[in-house]
2 protein chains.
Amino acid sequence: MTLLSLDETGELAQQLRVDSIRCSTEAGSGHPTSSMSAADLMAVLLARHLRYDWQHPEHPANDHLIFSKGHASPLLYSMFKAAGVVSDDELVHQYRQFGSRLAGHPTPVLPWVDVATGSLGQGLPDGVGVALAGRFLDELPYRIWVLCGDSEMAEGSMWEALDKASYYRLDNLVAIIDVNRLGQRGPTELGWDTDAYAARAEAFGARAIVIDGHDLGEIDKALGEAPGSGKPTVIIARTLKGRGFSEVEDREGWHGTPLPPAMAERAIVELGGERSIVVVGPVPEDVAPKVRDIGDVALPRYELGAKVATRKAFGEALAAIGARPEIIVLDGEVGNSTHTEDFAKVHPERYFEMFIAEQQLVAAAVGLSVRHYVPFASTFAAFFTRAYDFIRMAAISQANIRLSGSHAGVEIGADGPSQMALEDLAMLRAVHGSTVLYPSDGTSTAYLVQEMSDTDGVVYMRTTRGAYPVLYPPTEEFPVGGSKTVRSRPDDQVTLIGAGVTLHNCLAAADELAGEGISARVLDLYSVKPIDTQALLDAAAATDGRLIVAEDHHPEGGLGSAVLDALNEAGHPVQVTHLAVRDMPSSGTPAELQDAAGISAAHIAQAARDRLAP
Amino acid sequence: MTLLSLDETGELAQQLRVDSIRCSTEAGSGHPTSSMSAADLMAVLLARHLRYDWQHPEHPANDHLIFSKGHASPLLYSMFKAAGVVSDDELVHQYRQFGSRLAGHPTPVLPWVDVATGSLGQGLPDGVGVALAGRFLDELPYRIWVLCGDSEMAEGSMWEALDKASYYRLDNLVAIIDVNRLGQRGPTELGWDTDAYAARAEAFGARAIVIDGHDLGEIDKALGEAPGSGKPTVIIARTLKGRGFSEVEDREGWHGTPLPPAMAERAIVELGGERSIVVVGPVPEDVAPKVRDIGDVALPRYELGAKVATRKAFGEALAAIGARPEIIVLDGEVGNSTHTEDFAKVHPERYFEMFIAEQQLVAAAVGLSVRHYVPFASTFAAFFTRAYDFIRMAAISQANIRLSGSHAGVEIGADGPSQMALEDLAMLRAVHGSTVLYPSDGTSTAYLVQEMSDTDGVVYMRTTRGAYPVLYPPTEEFPVGGSKTVRSRPDDQVTLIGAGVTLHNCLAAADELAGEGISARVLDLYSVKPIDTQALLDAAAATDGRLIVAEDHHPEGGLGSAVLDALNEAGHPVQVTHLAVRDMPSSGTPAELQDAAGISAAHIAQAARDRLAP
């Protein structure tokens, strides 16, 4: 097989430019000039370096191509046309159209796209995850090529990515920065100061190669020597935005703007007209993925009544399901708190320390999901707020990632509000297709950790700092979407609903009420999303609509909101007494803080009495 | 006035160590060893460099001291004791206690604390905001000293901060990195490789000074020469965690762990016993803040029926209220989309371009709030998810910041889901004390921009990409917490509730229904939080409980959830037909995407018919 010559590659580059213009002009929106600056880089990559079997996107040794600058989708889709997998008709007439797979920014609806991009600063962090898989897990010779915009180098997440890439010596990762010097509304911070980019990349432990991004020979040489040096490589390519069409080249005011039809015609003429080159580039090595031994999973078993922190049960269950070789664990340098260290001790080769970089923590999980691993990423629940954009984009990426946040709510006590997750349930519930779990004891936690591993999408588990009694025998099952009626009698007068720590408060309140002759049903809503609507309806029916929800979370968007939504969706709205953390907490003991927030057993019992008052 | 000698400062450092141990041992929690590593640095700063009038924390020329490593609160509070503003009794007996102002991590409940820290990687970005104020707005000679942990240098936000600090030549900013080489669960990524830190800091445009963080002379020299070089300074101080007590010094396993009482006794002996040095350090210059002219605010006026995008009205209103000199605007390099450029054109000296760094964007606003400015920070609504941890911490910081997110929901059309905010209302509603606004027309937007400027806390406005008819005359008022009943008749049968773009869909649906003889009330819930509960109750009463809510947002935590919460809180739960974006959207026209999501006028009208069906 003969690769395109550099001259032929130059023609390909012009084709990519012309096609980028054609599809965006036809759509009436899109980013042609951001595509044109990188066309030479991508033409050389596609024709001469990207090892990819286009007919088999799942080939285990295929290289990975990620457009971190997702707005250059015209260029990416034009590459797909040049690779023969998207027709010219689809490219030109379907781009950005309703129902089309050629969306405004790339998503994995397309089989050659690993991750959704378009929120800048995410493709490179995602690529680090893929590169971790390649180097340490798959042990396959694929490379990860990430096209980055210069503007997005202002995102701290890009430096988290390079930091981790060099820490883990990911020399299978190549970042190509398209330094076209113009952002959306004007010049970038660093302009064409390629030396500044190089100094930063080198200081972060990468090899930096500065090139003229329109010199095909320089590009070819850089791409050829990029992978395999023991370090990640950053190619810093000086380019011109709108390169190749004199009316827009290096001009401000042309970001995210298609060329009007007459202008597009002139551009296509200046670029030498339409072409229909179909590329046969390098092919991947014919290697097979490793076959790994699958061990037996024996979940931890807890004695009824023993005091076990759910974060501890999480770690122990994780260590147990780690017998399955696809289970990978990452942590944000708090593994001794989240208890992922329990996994690290038994499966160190599948544990990645991400240090205090939560965006990269989640992005690495997304990248591992691309390679079909089952990643669990863990940190304090509060600190997942740092990565919300990455979690949101993970849903668009159709990534299957599991997140576990420990130290939720005021229950953490003395550390104070900065460490208290009080927004995490709202944040995670609002993610498309997410699953949100909040177990209250060791048994349910262990079961749900295994459930998480078999659940697609963004799956979140909230765990608790303190140790509380085990409520369920090891034989009990906790399907996602279910609930447990922990206590009930035919004469129940009120239902107390909790999850996590507040379930224990509900039980204590029920005891207190029982002493007063009030029979309270207690419902464990361990599955916050999806929620067990039927159990709520049954409880409402059984207790004359008297529902009390207590949650260690701000009142908006959490457990109480999930209950109201479910009852409303079911067509049976009922009055819910909603106890939640309504004021700004401070430090204190867990008991003091729960009491101050009005979510302690005493407050739950009083709420029940109030509901029963004549 | 004579400053402490270096020898005396060494005694002060030992006092800070002893006091850090005493308070954390007494509390039974806290981070003494993380305090001891930085005690020499902070002793020299306090005694010889920090210009601060401790009796007047609001002195305009006071230096600012920010503990980005907020977990070193024992050290900070010990400094407050040494400065004579916290008693030994309070320090030792109140630290981390319920109701105390000496919380586990610092918050501005204390008058000498600018911002809450404890989520790592935020203090330095916040400091950049204070430094921007000092250099460009206050034009006062104060310096901003930020104590950073080495672990938190893994957060990308720290590099966003240094990038902006050098871009804006903030030589009033000094970051002091306490390189004690040990994180929470083990060694940091870079250990004691101070050269690596220096290379990174210099590559990001800062001046780097590497010192022995326990050599008082070196510290004194570095602090003395740090400010004023035309660049931000980063002092990289090699230290020992737990310095001064041989049993824990440089040992793993002592992060976040107080010394047991017997051990604390031995430590205090080894450190030379308790001391009660009270420091009189350098005083601030006797300068007055600038007096600025206040101009007249003339809000833009829009013709009824004219098509105006609310993002455009936001920009125009912002330019108008810019007549007030305290109004400051920041943008994430999308000012031509959010329309903050309208402000930038008339008040360029009060406009700060933060480029594509949303964490720093929000942090800068927090820092400006410290200096009592009224900052507005703007980017695409979707991208505020990038800064959620900063927004959450802003609430704990008692910061008064205004955020405006444009391009919300599927209404944006062709750009696709990465650019569509569909979680922002949930995210912002869950922030403590937040205000969430979502106007539908130019008039209400302009009014609410002015309201925002006078509203404390975290205030968020969601704006819309497309242009829609102006609904209200310029005389109309839109108080926070209010709503507008846009259409009503005594015989209304159903209430259609919208905000932003869906209000226009509700109006179109009402027109459609009117043609069928169905009278629909239309409610504009421009204030999502606080919400106008009375208007909801009135509407429910007037239309027999038939409420339909349509929102361009995922179903969890947004407008529908706010309505359900309000009705529930008021004790009048009713069935709400809730139209929201339930599937993952793709590209398309705004009309196609709203229709596909089931939130278009046709769907709203059909929902009304369904509710009225017998």
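**A guided walk through the model**

T485(B) counts as partly exposed, with a relative accessibility of 41%; here buried means under 20% relative accessible area, exposed over 50%, and partly exposed in between (1.4 Å probe, protein chains only). Before going further, note that this is a predicted model, in which local features need pLDDT of at least 70 and side-chain atom pairs count only at pLDDT 80 or more, while totals for chains, interfaces and linings use all residues. Residues are numbered from 1 along each chain as its sequence is written, chains are lettered from A and ligands numbered from 1 in the order in which they are written, and side-chain values use heavy atoms, with hydrogens and water left out.

Back to T485(B), which sits in strand β14 (residues 484-487) of chain B. Helices (H or I, at least four residues) and strands (E, at least two) are DSSP runs, numbered from the N terminus. Setting aside neighbours within four places in sequence, T485(B) has R521(B), V522(B) and L523(B) in contact, where contact means heavy atoms within 4.5 Å.

Now hop over to chain A for another threonine. T445(A) belongs to helix α17 (residues 442-453) of chain A, and with a relative accessible area of 0% T445(A) is buried. Which residues does T445(A) touch, not counting residues up to four places away in sequence? They are T310(A), A313(A), F314(A), P439(A) and M461(A). P300(A) is 145 residues from T445(A) in sequence, and the C-alpha atoms of the two are 9.9 Å apart in space.

Next, let's look at two helices. Helix α8 (residues 194-203) of chain B is mostly covered, with seven of its 10 residues buried. Those buried residues are T194(B), A196(B), Y197(B), A198(B), R200(B), A201(B) and A203(B). What covers them comes from both chains: it includes α7 (156-167) and α8 (194-203) of chain A, along with α7 (156-167), β3 (173-179), β4 (207-212) and β5 (233-238) of chain B.

Helix α21 (residues 590-597) of chain A has L593(A), Q594(A) and A597(A) as its buried residues. Looking down the axis of α21(A), you will see these buried residues fall within an arc of 100 degrees, so they line one face of the helix; the arc is that of the directions from the helix axis to the C-beta atoms. An α-helix has 3.6 residues a turn, so residues three or four places apart point the same way. On the face of α21(A) turned away from the buried side are the exposed residues A591(A) and A596(A). The cover over the buried residues of α21(A) includes β13 (467-469) and α18 (501-514) of chain A. Just after α21(A) comes G598(A), with a positive phi of about 80 degrees.

R96(A) is not a glycine, yet its phi is positive, near 65 degrees. You can find R96(A) in the loop between α5 (88-94) and α6 (123-138) of chain A, where R96(A) is buried at 3% relative accessibility. R181(A), also not a glycine, has a positive phi of about 65 degrees. This arginine, R181(A), lies in the loop between β3 (173-179) and α8 of chain A, and its relative accessible area of 18% makes R181(A) buried.

For cis peptide bonds, go to K529(A) and P530(A), joined by one with omega at about -5 degrees. P530(A) is placed in the loop between β17 (527-529) and α19 (533-542) of chain A. In chain B, K529(B) and P530(B) are joined by a cis peptide bond with omega of about -5 degrees, and P530(B) is in the loop between β17 (527-529) and α19 (533-542) of chain B.

Finally, step back to take in chain A as a whole. Its secondary structure comes to 22 helices and 19 strands, and buried residues account for 70% of the 614 residues in chain A. Along its principal axes, the C-alpha trace of chain A spans about 90 × 50 × 40 Å. Among contacts in chain A between residues at least 6 apart in sequence, 78% join residues at least 24 apart.
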